[in-house]
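Me: I am new to this structure and would like to go through its parts step by step. Could you show it to me before I ask about its sheets, helices and domains?

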Amino acid sequence: MSVREIVPGIYAVGAPDFDRRLFDSLIPLPHGTTYNSYLVKGAKKTALIDTVDPSKELDLVTNLVKARVDTIDYIVINHVEQDHSGSLPMIAELFPKASIVVNEKSKDLVTRLLDVDPARCMEIKDKDTLDLGGKTLQFFITPWVHWPETMVTYAVEDRVLFSCDLFGTHYAESSLFVTDEREVYISAKRYYAEIMMPFRRNIADHMEKLKDIPVSIIAPSHGPVHSRPGVILDAYRDWISDTVKDEVVIPYVSMHGSTEKMVNHLCEALIERGIRVKPFNLTVTDIGELAMALVDAATVVIGTPTVLFGPHPQAVYAAYLFNMLKPKTRFLSLIGSYGWGGNTIEALKGMLTRTKPELLEPVYIRGAPGVSDQKKIEELADTIVGKHREIGIHQ
Ligand code: FEO
């Protein structure tokens, strides 16, 4: 592993994880990830901004040796999730004089989740500063991006924002800075969709709070460093806005082909009406791709057959994700087929407790779809067109 200089006196000392394929036992990582840790050397004091996942703690220690670090005075914990704080016990043991810089909420979490002596914690408040000698760190408490204790740290003189998870990407690459902006944009959107989307209102508040701070570099805790911060900031402004696109996302599952026929007919009808469709067969879908599609789409239609007494478990999973991720979707409908009964529609509706898109009349039919059922699907397509027109996204 290697130590890379971002600007004089500020170094990246974290570790890539090219092979990791799943995060939180949930999120697919097609491009691996990185656990970024940053060293800030002032004339008088040295600070370490976040640590790394415990699986990479020896990489961090090796990098600190390579950087000839004799003393660390402060270990700043922007976020307590263990991919950033998990190596704190080892680093705290190696540097016993270091104070652990936390806020009120992270102090509670760090001492509950990790073997850390509370007496070593130095509690800061919003906008407090720390003088390292020619380098000043300023802390901004930014809750819910994406835990309640999250904060960001700003290197004032160098205009570097250490944003932790915010503006991050699960994207492992050898270069320190973003080189392929398009690839990183896609990975950042996936990351936003899977992790940050439920908190878009919080993100909007934080971006407003930070808007007057001059930022030359954004150094997140996952993925490459942004030397053109405007690119990622503009992307976030778009994603967190209330603007939706003239698109319909259709997560579906089919057992014997009836629901699939309905989905295909709906896709055709929408395409003929000039609306972009994104169908996702849930039996083979990467949920990250589905989550990304949910960032922008105006409408979602979930397709499911009835299994025994209710929706197919894959459709339950999709509805659960939809409810948890809280996309800005404006309209929702349900389509599918049943054999003899069940409460599929009511069960799915009942799952949507955290998000309230307008529900468009579901099309739920018995058996294989016939001509009259196809007409109902076309009527649903017409309704979607009308709704998209109402909100000004369809000509
Ligand atoms: Fe990268 Fe919320 O941890």
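Me: Across which strands does helix H4 lie?
Reply: This is a predicted model, in which local features need pLDDT of at least 70, side-chain atom pairs count only at pLDDT 80 or more, and totals for chains, interfaces and linings use all residues. Residues are numbered from 1 along each chain as its sequence is written, and side-chain values use heavy atoms, with hydrogens and water left out. Helices (H or I, at least four residues) and strands (E, at least two) are DSSP runs numbered from the N terminus, and angles run from 0 to 180 degrees between N-to-C directions, with axes fitted as lines to C-alpha atoms, for helices over the stretch in contact (heavy atoms within 4.5 Å). Helix H4, residues 104–113, runs at about 160° to E11, and the strands it lies across are E10 and E11.

Me: Which strands stand at the edges of the sheet of 7 strands?
Reply: This open sheet has mixed pairing and the order E1-E2-E7-E8-E9-E10-E11, where two strands pair if DSSP finds at least two bridges between them. A strand with a single partner has one side left without a neighbour in the sheet, and so the edges are E1 (4–7) and E11 (121–123).

Me: In E10, which residue is the bridge partner of Tyr74?
Reply: Strand E9 (residues 74–76) pairs with strand E10 (residues 99–102) in the parallel sense over 3 bridges. In E10, the partner of Tyr74 is Ser99.

Me: How many bridges join E15 to E16?
Reply: Both strands belong to an open sheet of 5 strands with the order E12-E13-E14-E15-E16 and mixed pairing. In E16, Pro220 is the bridge partner of Cys164. Strand E15 (residues 160–164) and E16 run parallel, and the number of bridges joining them is 4.

Me: Is the crossing of H5 and H7 left-handed or right-handed?
Reply: Helix H5 (residues 181–196) and helix H7 (residues 229–240) pack at an angle of about 40°, with their axes 11 Å apart. That makes H5 oblique to H7, since angles under 35 degrees count as roughly parallel, over 145 as roughly antiparallel, 65 to 115 as roughly perpendicular and the rest as oblique. A crossing is left-handed if the near helix is turned anticlockwise from the far one by less than a right angle, and right-handed if clockwise; the crossing of H5 and H7 is right-handed.

Me: How far apart do the C-alpha centres of domain 1 and domain 2 lie?
Reply: The domain assignment, automatic or from a database, gives domain 1 (4–240) and domain 2 (245–388). While 14 residues of domain 1 are in contact with 15 residues of domain 2, the C-alpha centres of the two domains are separated by 38 Å.
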